[in-house]
Amino acid sequence: MIAGLAVWYVVGGQKGAESLPIPGTGERVTVEVLNGTRMSGLARETTRRLRGAGLDVVYFGDAEEFPVDSTRILIRRGDSIAAQRVRRALGRGQILAAPNSRLLLDITVVLGLDMAPALGLEP
């Protein structure tokens, strides 16, 4: 009986499941998302969008500076290709070089007030 359920699950049980990209497949891009606004939940919603696009968000939280008007995508290591993937997923953001070898990630996203409407949130 258990073997039959296992075969059903592997062969046909996933037909209706939504296929989402898995972070880490292909070229891995590690990202942190920092909320530069006082809007609750903005970093969490942005993290969902980036993960849905196959990007590996390793941290999200609040930025040190408030308020930020426009979203910035900071390149911490590597080249601009990773930053362009993030920008495509977000649909906005100014790409800037801001290397930091102490951070073990590729990109830092500092969210500005311009991100709320893109996620359907009210500023």
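Buried means under 20% relative accessible area, exposed means over 50%, and partly exposed lies in between, with a 1.4 Å probe and protein chains only. Helices (H or I, at least four residues) and strands (E, at least two) are DSSP runs, numbered from the N terminus.

This is a predicted model: local features need pLDDT of at least 70, side-chain atom pairs count only at pLDDT 80 or more, and totals for chains, interfaces and linings use all residues. Residues are numbered from 1 along each chain as its sequence is written, and side-chain values use heavy atoms, with hydrogens and water left out.

Stay with β5. In a regular strand the side chains alternate between the two faces of the sheet. Ile-107, Val-109 and Leu-111 point one way from β5. Thr-108 and Val-110 point the other way. Both sets are buried.

Now the partners. Two strands pair if DSSP finds at least two bridges between them. β1 pairs with β5 in the parallel sense, over 5 bridges. Here Val-31 stands opposite Ile-107. β3 runs antiparallel to β5, and 4 bridges join them. Ile-75 also stands opposite Ile-107 in β5.

Next, the nonpolar cores. A nonpolar core is a set of buried Ala, Val, Leu, Ile, Met, Phe, Trp, Tyr and Cys residues joined through side-chain atoms within 4.5 Å. The largest one has 21 residues, of which Val-31, Leu-50, Val-86 and Ile-107 touch the most other members. Two or more residues each come from β1 (30-35), α2 (42-52), β3 (72-75), α3 (80-90), β5 (107-111) and α4 (115-118). α3 gives the largest share, 5 residues. A second, separate core has 6 residues, including Leu-34, Ala-63, Leu-74 and Ala-98.

Contact means heavy atoms within 4.5 Å. Beyond its neighbours within four places in sequence, Val-31 is in contact with residues including Leu-50, Val-86, Ile-107 and Val-109.

Two helices come next. α2 and α3 pack with their axes 9 Å apart, at an angle of about 115°. Axes are lines fitted to C-alpha atoms, for helices over the stretch in contact, and angles run from 0 to 180 degrees between N-to-C directions. α2 is therefore roughly perpendicular to α3, a class that spans 65 to 115 degrees, with under 35 roughly parallel, over 145 roughly antiparallel and the rest oblique. Thr-46, Arg-49 and Leu-50 of α2 meet Val-86, Ala-89 and Leu-90 of α3.

Last, a backbone detail. The peptide bond from Phe-66 to Pro-67 is cis, with omega near -25°. Pro-67 sits in the loop between β2 (56-62) and β3.
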